[in-house]
Structures are given as C-alpha cells and as structure tokens.
Amino acid sequence: MGFTNRGVKSNSFAVISTARSKGARAALLEVCFIDDADDMKLFLAKKNDIIIAIVKGFGFNVSGETAKGEATSTETETPTANKTGGCYYA
C-alpha cells in the first residue's frame, strides 16, 4: 500500500501472552507506523483499502460474507458493552 514493510515480529507482547495463558489464540495487528505528515496523508488516502485488506485477511469479502461459506460465531459468552461502545468478552 506504499508503507515501509518493517517485517513480522515474534516478540512475546503482554497482550498476546495474557490471551494465550487463558487458552485463546491471539495475534496483534499493526496496520502502519505514522512517523510524519506524509505517512498520515498516505494512511488517510489508503484507509478504505487497508480496511478491505484486513477484512479479506480474515477470510471475509467486503459484503460481510465469508469467502468459504457462512460466517459462524465460536463465542459462547455474551458480549458486554464497554464505555467506548465496543464489546468485550469476560
């Protein structure tokens, strides 16, 4: 997309280690590093392309359906809304 590829990292980040210790699969997705105004302009210009690439990376197409069949949830717990309007699973 025009950003510098800084490579895949395999450090033991706390968020990943905590999730794995609780039996969850986890990955940390970093979209880009914004070091200056040019990086910010590129990010803003490519924002929709980035979103579509992430969606496709998870196996979905842009209409929300999976590329390999219907999306199914593996969650067995009820999501709880947090103060920012997002959800988390306890």
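Author: Start with a term: helices here are DSSP runs of at least four residues, numbered from the N terminus. The model is predicted. With that rule, Asp39 lies in helix H2.

Reader: How many helices and strands does the chain have?

Author: Read along the sequence, the pattern is α-α-β-β. The chain therefore divides, by DSSP runs, into two helices and two strands.

Reader: In which element is confidence highest, and in which is it lowest?

Author: The chain averages a pLDDT of 75, and 70% of the residues score at least 70. Strand E2, residues 87-88, has the lowest confidence, at a mean of 48. The highest is in H2, at 91.

Reader: How many contacts beyond near neighbours do the stretches with pLDDT below 50 have?

Author: One such stretch covers residues 69-77, with five contacts in the model beyond near neighbours in sequence. Another covers residues 86-90. Beyond near neighbours in sequence, residues 86-90 have 15 contacts.

Reader: Which residues form the salt bridge?

Author: The structure holds one salt bridge. The cut-off is a side-chain nitrogen of Lys or Arg within 4 Å of a carboxyl oxygen of Asp or Glu. The closest N and O atoms are 2.6 Å apart, and the partners are Arg6 and Asp35.

Reader: Which parts does that pair tie together?

Author: Arg6 lies in the segment before helix H1 (14-21). Asp35 lies in the loop between H1 and helix H2 (37-57). So the pair ties together parts that are 29 residues apart in sequence.

Reader: What is the nearest side chain of opposite charge to Asp39, and how far away is it?

Author: Side chains of opposite charge can pair when their charged atoms come close. Asp39 is buried yet has no salt bridge. The nearest side chain of opposite charge is Arg6, 5.5 Å away.

Reader: Which residues does Asp39 touch, not counting those up to four places away in sequence?

Author: Contact means heavy atoms within 4.5 Å. Under that cut-off, Asp39 touches Phe3, Phe33 and Ile34.

Reader: What does Phe3 touch, and how far is its C-alpha atom from that of Phe43?

Author: The place of Phe3 is in the segment before H1. Not counting residues up to four places away in sequence, Phe3 touches Cys32, Asp39, Leu42, Phe43 and Ile50. Phe3 and Phe43 are 40 residues apart along the chain, and their C-alpha atoms are separated by 8.5 Å.

Reader: How far apart in space are Lys47 and Met1?

Author: Lys47 is found in helix H2. Its relative accessible area is 38%, so Lys47 is partly exposed. Lys47 and Met1 are 46 residues apart in sequence, and C-alpha to C-alpha they are 9.9 Å apart.

Reader: Which residues form the nonpolar patch on the surface?

Author: Val15 is found in helix H1. At 53% relative accessibility, Val15 counts as exposed. The patch has about 260 Å² of accessible area together, and its residues are Phe13, Val15 and Leu28.

Reader: What share of the chain counts as buried?

Author: The chain exposes about 7,800 Å², with carbon and sulfur atoms supplying 54% of it. The chain has 90 residues. The share that counts as buried is 6%.

Technical notes
Residues numbered from 1 in each chain as written. Predicted model: local features only at pLDDT ≥ 70, side-chain atom pairs only at ≥ 80, totals over all residues. Heavy atoms only, no water. pLDDT = per-residue confidence, 0-100. Patch = residues over 30% accessible without salt bridge, like charges linked within 9 Å, V, L, I, M, F, W, Y side chains within 5 Å. Areas by Shrake-Rupley, 256 points an atom, 1.4 Å probe, with all protein chains shown as cover. Buried < 20%, exposed > 50% of the residue type's maximum accessible area, 1.4 Å probe, protein only. Lys, Arg positive; Asp, Glu negative; His and termini not counted.
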